[in-house]
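Student: Hi, I'm new to this one and would like a slow walk through it. Could we start with how things are defined and then look at a few places in turn?

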Amino acid sequence: QAIRVGETLSTTLESLSDAFFTLDSQWRFTYLNREAERLLRLPREKALGISMWELFPAALGTNFESGYRRAMAENVPITMEEYYAPFDLWAEVRAYPSAEGLAVYIQDVSERRRSRENLRTSEERFRLLSKATNDAIWDWDLKTQSLWWSDGFETLFGFDRSAVETSIDSWLNRIHPDELERVRKKVNQALQSEAESWSGEYRFARRDGTYIAVLDRRYIIRDDQGVAVRMIGGMSDLSERKLAEARIAQQAALIDQASDAIVVTDLNHCITFWSLGAERTYGWTSSDALGKSIQHLLQNDLEAFETANQEVLRKGVWSGESQNLARSGEGLTVHARWTLLRDHEGQPHSILSIRSDITQRKLLEQQFLRAQRLESIGTLAGGIAHDLNNLLTPIMMSVEMIKADPLDPFANELLEVIGTSAQRGADLVRQVLSFARGVEGQRMEVQLRHILRETEQFTRDTFSKIISIEVLLPDGLWTVLGDPTQLHQVLVNLCVNARDAMENGGELKISAENLLLDEHYAGLNPEANPGPYVAIQIVDNGTGIAPENLPKIFDPFFTTKDVGQGTGLGLSTTMAIVKSHGGFLRVVSQLGQGTTFKIFLPAAADQALLEAELPEPQSLLPRGKGQLILVVDDEASVRQVTGKTLEAFGYRVLLASDGADALGAYAERAGEICAVITDMRMPLFDGTATIEVLRRLEPDLPVIAVSGLSSPEQEQKLARLGVVHFLPKPFNAEPMLQALHELLTDRSPRRKWGS
């Protein structure tokens, strides 16, 4: 019976999955099962009867030794989990004391220990990762519907994690109501499909009640059957990105509103960016230009283009003038600024060019140079006229003396021809002298009404009946100090030019009015001085003057008439006479629509008469109440005078030199600016583009448009933009102040165009 029990016990011990061995009181092995042989890497025949400290000296001094000795000495069982370095083994040890010594069970827990350590490391890594990011990391258990938030939840949204729901409601309850159903639906679709992830943007509540845009990225964990059991993800704050995108969009809009052509090309000169300003300047659309060679598209001068390209590659920048060709075939002069763009490694990859159309400016420079030449011509003409007068005077006197003696009729006829030719020469010299020296003559107080009536009679008697003539003269027209003959010559010259422009008939309108020009008006026109003026207007509906000829019409000897039909001195003499009388002249013309000349002559009327007919004193003009007005004009003198006038009448003023400057000023002080007064014709960023952008930013912003030249097309464009007040330059302070007062007190006034 004892043998059978022993065999059963032995069989049981051999079948244990744990290593089992026994030690006597001298620490000698007395039994090892098969698992102990494998785990201790020791056959039992070599271990039995041998001290374990002799076989495993590495265990001396470790917890194994102290634990075994304590169990045997104190006769108490011990349990421990220790690492045995020689075998790279984690062992769970249970030792039981007996009368013979110790019975020891050892289980290899290395794999369990490593799994537990890996889990701890993973959890620690996850914890540190969630703390290291500003994102709100979350873990959603789909079985229990519990939700864990990282520290980023508090950082990002301001909530105390311990005070919010631990369920999925802590997420659902804070999604913006307008987006809750959309987000819930998309997440459920992802969970029910085979998707491994989902991401979306929506608004999420902060503790202060505001909402911020977030990007939520979710990863789905599924079981062996593919059923979603967990969802882990993170929410990123998109506020900065949204602001950056808005800024980029705004900057792109401003770039597109700029009048300058902004172009980017690669190093092979292929166009990669083409702004709306480039479309307006050259006529090519973005789709036309992108991918094309800028050299071929704009017909650049090859040698000049290559020189500029080499310099920008060498120095990084280049600026200068170049000749380009627009899509219409029109030649353009542009001032270009090229900049070499580099990547993050400092390698060049493209060229940015900003091109300003300076064609009109070059024309103005030519006009200035022409004026300087004319000044020299004037000096020379004065000397020539003096010499010609010296030659013509004795001829004319001699003719009179010879005619006093009786001659045959043929001789008298020759003398008549000589005398007439000499007189015509003398008249021509007077015209040249008038131009050269600013006109000299006898001055007296002149009633222009009489001269205008004489001019009316002259035109009715000499002009073709296919030209209708209308004269409007008010009573009480002020007098001027001047030479009646010269003023009559001015009116006749202008009327004759009007007649010549209406070969097939038309309408000639002559009118006059009394005007009191204030300092504001004078500031807008350098040739004007404040005070009373008589303004004479001569209007025809003839062929008009070509834009390229308009700057040259007052040049001496310039004429568009056929040879023999004009000397080219009529308008130059007219200008000289008007200036010699202290006045100034303005002209507006459009091809096919006619021409308007307006002459301003200083009045010499009695002061009492002026006072009786003056408009209401400035003290009665509408005043501001400290409103901030943005004044936009590229002419410094116009800006300053307009600003000073507004300040004198109780307004605050913000000045801008062009449209881009105006938009920058508006962006800084949008909440303060009450109205805008803007010039329409400005370089880089004109009035129309400025108004368009301002209307997008504030549709009801009051705007007054100002221009030296009005046209039906411009009026239609302003009407579409909702601009109801237009002031033609130059203008007095009164219409500006009245228009501003109306706009600030009535936000829906009727359309009015100033005069």
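Tutor: Let me begin with a definition: two strands pair if DSSP finds at least two bridges between them, and helices (H or I, at least four residues) and strands (E, at least two) are DSSP runs, numbered from the N terminus. This is a predicted model, in which local features need pLDDT of at least 70 and side-chain atom pairs count only at pLDDT 80 or more, while totals for chains, interfaces and linings use all residues. Residues are numbered from 1 along each chain as its sequence is written, and side-chain values use heavy atoms, with hydrogens and water left out.

Student: How many bridges join β11 to β12?

Tutor: Three bridges join strand β11, residues 261–266, to β12, and the two run antiparallel. Within this pair, Thr265 stands opposite Ile271 of β12.

Student: And which residue in the loop between them has a positive phi?

Tutor: That is His269, which sits in the loop between β11 and β12 and has a positive phi of about 75° although it is not a glycine. For background, most residues other than glycine have a negative phi. His269 counts as buried because its relative accessibility is 17%, where buried means under 20% relative accessible area, exposed over 50%, and partly exposed in between, with a 1.4 Å probe and protein chains only.

Student: What is the order of the strands in the open sheet?

Tutor: The order is β12-β11-β15-β14-β13, five strands in an open sheet with antiparallel pairing. β12 (271–274) and β13 (317–325) stand at the edges with a single partner strand each, so one side of each is left without a neighbour in the sheet. From one strand to the next, the twist averages 25°.

Student: Which helix lies across β13, β14 and β15?

Tutor: Helix α14, residues 302–315, lies across β13, β14 (331–342) and β15 (348–357), and it runs at about 25° to β14. For such angles, axes are lines fitted to C-alpha atoms, for helices over the stretch in contact, and angles run from 0 to 180 degrees between N-to-C directions.

Student: Staying with β13 for a moment, is Ser322 buried or exposed?

Tutor: Ser322, which has its place in strand β13, counts as buried because its relative accessibility is 18%. Leaving aside neighbours within four places in sequence, Ser322 is in contact with Leu332, Thr333 and Val334, contact meaning heavy atoms within 4.5 Å.

Student: Changing topic to the helices, at what angle do α22 and α26 cross?

Tutor: The axes of α22 (residues 636–648) and α26 (residues 733–745) cross at roughly 60° and come within 11 Å. That angle makes α22 oblique to α26, because angles under 35 degrees count as roughly parallel, over 145 as roughly antiparallel, 65 to 115 as roughly perpendicular and the rest as oblique. The contact is made by Thr642, Thr645 and Leu646 of α22 together with Ala733, Met736, Leu737 and Leu740 of α26.

Student: What about α23 and α24, how do they lie?

Tutor: The axes of α23 (residues 659–669) and α24 (residues 687–697) come within 10 Å and cross at roughly 20°, which makes α23 roughly parallel to α24. On the α23 side the contact is made by Gly659, Ala662, Leu663 and Tyr666, and on the α24 side by Thr690, Val693, Leu694 and Leu697.

Student: How many residues of α20 are buried?

Tutor: Helix α20, residues 570–580, is mostly covered, with eight of its eleven residues buried; among them are Leu571, Met575 and Val578. After α20 comes Gly582, whose phi is positive, near 80°.

Student: And where is Ala498?

Tutor: Ala498 belongs to helix α18, residues 484–500, and counts as buried at 3% relative accessibility. Apart from neighbours within four places in sequence, Ala498 is in contact with Leu508 and Asp540. The C-alpha atoms of Ala498 and Thr595 are separated by 7.8 Å, although these residues are 97 residues apart along the chain.

Student: Last one, how many helices and strands does the chain have?

Tutor: The chain has 26 helices and 28 strands, and of its 755 residues 42% count as buried.
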